[in-house]
Amino acid sequence: MTLTDASPPSAVRAPSAPVEQAWTPRSWGVLAVLCVVLFLDALDVSMVGVALPSIGAELGLSTTSLQWIVNGYVLGYGGLLLLGGRTADLLGRRRVFLAALAVFAVASLVGGLVDNGALLIATRFIKGLAAAFTAPTALSILTTTFHEGPARNRALAVFSVFGASGYSSGLILGGLLTGFGWRWTFLTPVPIAVIALVAGAALIPRDKPAAGGGHDIAGAVTLTGGMLLAVYTVVSAPDRGWLDPVTLGSSVLAAGLLAGFFVTESKVRHPLIRLGILRIGSIVRANLSIVALFGSYLSFQFMMTLYLQDVLDWSPLKMAMALLPGGLVVAFGSPFVGRLIDRYGTARLITSSMTSLTLGYGWFLATAGNSPHYAFTILPTMMLLGGGFAFGFSSIMSQATDGIDDSEQGLASGLVNTSGQVGAALVLALVTALVATGTTAGEDFAEFHAGVNLVSAVAVVGLILNLLPLLRRRQSNPT
């Protein structure tokens with residue numbers, strides 16, 4: 001039976017007036033467990049980012065190799081997110097969440113013990129695979145625990161605060177722990193994961209697996225393989241040459257795998273992506289918006305980490321404190337986003353997010369020169385980027401799951417997370433390729449200018465994508 005023969009549940013429910021949901025101690029406990037896991041994920045990402053120069057120095061890794069420590073995780077994460085969300089719907093959210101969290105803890109432990117760059121990247125990839133199951137499962141547990149409307153918006157806002165707090169804490173802890181050795185940045189998440197695992201087993205209610213359905217292994221393999229090969233092609237092309245036979249061959253193969261993914265999704269009985277969901281304009285915009293948000297933010301942080309530590313010779317702690325204000329803006333701003341969504345809607349909040357990002361990168365380009373001043377250039381930029389993330393993350397997640405039936409919440413949450421991670425991997429790969437072709441002259445920022453130009457363009461595209469529908473809506477309804 002093909003997709004057209006099947007009769008999937010309706011993608012969008014008929015709108016109804018939201019009903020205020022009572023918060024019980026059990027619902028607070030479930031939310032706390034989910035928030036700790038998001039905190040752990042953000043903590044891990046920011047701690048490892050701070051440690052990259054130290055890892056490169058001890059293991060002899062180049063800038064190109066260092067980006068794989070980031071992208072190995074991101075691609076493992078993004079490549080199997082859709083399978084993770086689908087697996088949670090089929091096997092039960094609680095079961096998948098706890099099993100994946102256990103794998104994450106073990107991979108963290110092994111990553112702190114290995115003494116080889118390739119093995120370290122492999123453990124990061126495995127952690128990404130585990131997170132590919134915990135992330136969409138956590139979001140689908142949240143969206144099925146809290147009803148659409150004020151309760152869900154409030155829960156998503158709290159969820160975002162913990163993500164921002166994890167990111168901010170990771171910057172500080174990463175700076176402190178790297179002083180004792182970069183391995184501690186890998187080992188520290190282990191006890192947090194164990195605590196979350198025990199609490200999750202006690203608090204998350206058991207749920208029944210879906211009565212029917214199946215796994216789309218072919219789709220998962222073609223998507224993950226295509227994305228890995230695409231990023232490898234972009235990163236290796238500056239050394240080999242863009243017209244080198246290996247570069248051209250891997251480009252064709254990557255495109256073929258990704259095309260095969262969409263062909264597979266249109267024919268298999270139980271696809272990772274029910275392609276009909278991509279006909280909903282608000283969901284498509286949410287997925288493209290998170291590409292702009294994650295892709296530009298992660299790549300800018302990567303460049304600033306290398307510049308402040310490798311070029312200016314700042315200590316890991318000093319560098320972490322320099323980037324911390326952006327995380328603090330997210331942490332203190334996110335609690336108010338739920339109420340803003342209730343009042344103004346997700347479209348306006350996402351447009352505000354993209355405006356803040358665009359202004360941040362624009363200010364940096366206008367004032368940085370070849371030696372950006374911290375107080376005049378870097379600090380205002382981080383504040384604007386933090387504001388963009390605070391407005392954007394909860395709003396995008398809410399827009400990506402609003403109106404979706406409970407049976408497809410795993411699909412919707414997996415899709416938006418996949419878009420963010422895969423988009424971030426591709427933007428970072430392009431930025432790394434641009435930076436790798438630059439030349440450093442003392443304390444010179446010149447080699448990073450092309451990368452900042454790229455992330456600025458990504459943010460501008462995200463702004464235009466969200467601004468045009470608002471302008472058309474205002475023209476059709478001036479009041």
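A crossing of two helices is called right-handed if the near helix is turned clockwise from the far one by less than a right angle, and left-handed if anticlockwise. In this predicted model, the crossing of α11 and α12 is right-handed. The contact draws on Tyr 297, Gln 301, Met 304, Thr 305, Leu 308 and Gln 309 from α11, and on Pro 316, Met 319, Ala 322, Leu 323 and Gly 326 from α12. By residue class, the contact of α11 with α12 comprises seven nonpolar, four polar and no charged residues. As for the geometry, helix α11 spans residues 281-311 and helix α12 residues 316-333, and the two pack at an angle of about 150 degrees with axes 10 Å apart.

Helix α11 also meets helix α2 (residues 63-79), where the axes come within 12 Å and cross at roughly 145 degrees. This crossing of α2 and α11 is right-handed. On the α2 side the contact involves Thr 63, Leu 66, Gln 67, Val 70 and Val 74, while α11 supplies Leu 298, Phe 302 and Leu 306.

Is Thr 222 buried or exposed? Its relative accessibility is 15%, and because buried means under 20%, Thr 222 counts as buried. The side chain of Thr 222 comes to 2.9 Å from the backbone oxygen of Ala 218. Beyond the neighbours within four places in sequence, Thr 222 is in contact with Leu 257, Leu 258, Gly 260 and Phe 261.

Key:
Residues are numbered from 1 along each chain as its sequence is written. This is a predicted model: local features need pLDDT of at least 70, side-chain atom pairs count only at pLDDT 80 or more; totals for chains, interfaces and linings use all residues. Side-chain values use heavy atoms; hydrogens and water are left out. Axes are lines fitted to C-alpha atoms, for helices over the stretch in contact, and angles run from 0 to 180 degrees between N-to-C directions. Helices (H or I, at least four residues) and strands (E, at least two) are DSSP runs, numbered from the N terminus. Contact means heavy atoms within 4.5 Å. Ala, Val, Leu, Ile, Met, Phe, Trp, Tyr, Cys and Pro count as nonpolar, Asp, Glu, Lys and Arg as charged, and the others, Gly among them, as polar. Buried means under 20% relative accessible area, exposed over 50%, partly exposed in between (1.4 Å probe, protein chains only). A polar contact is a pair of N or O atoms within 3.5 Å; within protein, one must be able to donate a hydrogen and the other to accept it, and residues adjacent in sequence count only if both atoms are side-chain atoms.
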